[in-house]
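Here is a walk through one protein model.

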Amino acid sequence: ESLTVGNWNCCVTSSIDRSVKVWNINNIFEQVHVIDRLELQIDNISLSNDGEIASTVTRSCIGAWELKTGRLLAKLADSPLGAIVTHAEITPNGKYIISSETGKLIIWNRLTEQVLYKDDQPGIQQIIMLEDGDKVLAVSCKEFNSANQLGNEEQKLTAKAIVRSVPDGEVLYKFEFPIKSIPGIPFRATVVSADCQYITATSLDKNNKDALAVYNAESGAHLHKVTLRSCGIKENVIRVLSLPHKSTQVAVITSEK
């Protein structure tokens, strides 16, 4: 379609690659408007509290987007070639992005696009922001993916939780807890209570039965373990949800026999 309004001498084209472009006929190689995009599919989106900045996860990089304009502000990858990004969360103020890339936990300064902190933590399954982005919890299990995809039987594994400060990455505390891997069943997420006082993980009791392990979110101290006596878990269909309104309780969704 032609686009000649006032001094404009343009045309609009649509393409099989699902893009729409506006061309300046006076200089046919110049694109007047560009729609930003990432090359690979987006696996996860994280928003800042003000709703102005979003971080997106693709296999090869993190995208930082300005939501008001739709502009792609930056593509972040510590290893430009061969990077495998699995998780990324943006802090509520939009200044920092915490990501998992090729077995490492990385803290980015979104404004300068620089790596502020990097440490080995292979097998990260989950990243959770704590205390309005001042801390970050990373839960990992190095053997989970291989055991989950290739194994034919249930396996008892050990998950590691590490809480670090943001943005300097200082390790504040860490703890480990046993988990169960069942082929085809995804990692059972750890949750933080709505009042940010407790961390609840799906774990195992001494008889290798499903249980909830509760930790103090300030110190990482193990408080107690709740055995799920009232329901027999079959094939591990279980979720743990934090309840709203500053509740100190969690809801457990199970699949009974």
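Leaving aside its neighbours within four places in sequence, which residues is isoleucine 179 in contact with? The list is Cys141, Phe144, Gln155, Lys156, Leu157, Ala159, Phe187, Thr202 and Leu204. Contact means heavy atoms within 4.5 Å.

The model is predicted: local features need pLDDT of at least 70, side-chain atom pairs count only at pLDDT 80 or more, and totals for chains, interfaces and linings use all residues. Residues are numbered from 1 along each chain as its sequence is written, and side-chain values use heavy atoms, with hydrogens and water left out.

Ile179 also belongs to the largest nonpolar core, which has 22 residues. A nonpolar core is a set of buried Ala, Val, Leu, Ile, Met, Phe, Trp, Tyr and Cys residues joined through side-chain atoms within 4.5 Å. Buried means under 20% relative accessible area, exposed over 50%, partly exposed in between (1.4 Å probe, protein chains only). Leu137, Phe175, Phe177, Ile179 and Ile199 touch the most other members. Among the elements giving two or more residues to this core are helix H1 (144-150) and strand S16 (171-181). A second, separate core has 12 residues, including Ile53 and Ala88.

Now zoom out. The protein has 1 helix and 22 strands (DSSP runs, numbered from the N terminus: helices are H or I, at least four residues; strands are E, at least two). Of its 257 residues, 42% are buried.

Last, look at strand S5 (residues 44-47), which holds isoleucine 45. Isoleucine 45 counts as exposed because its relative accessibility is 53%.
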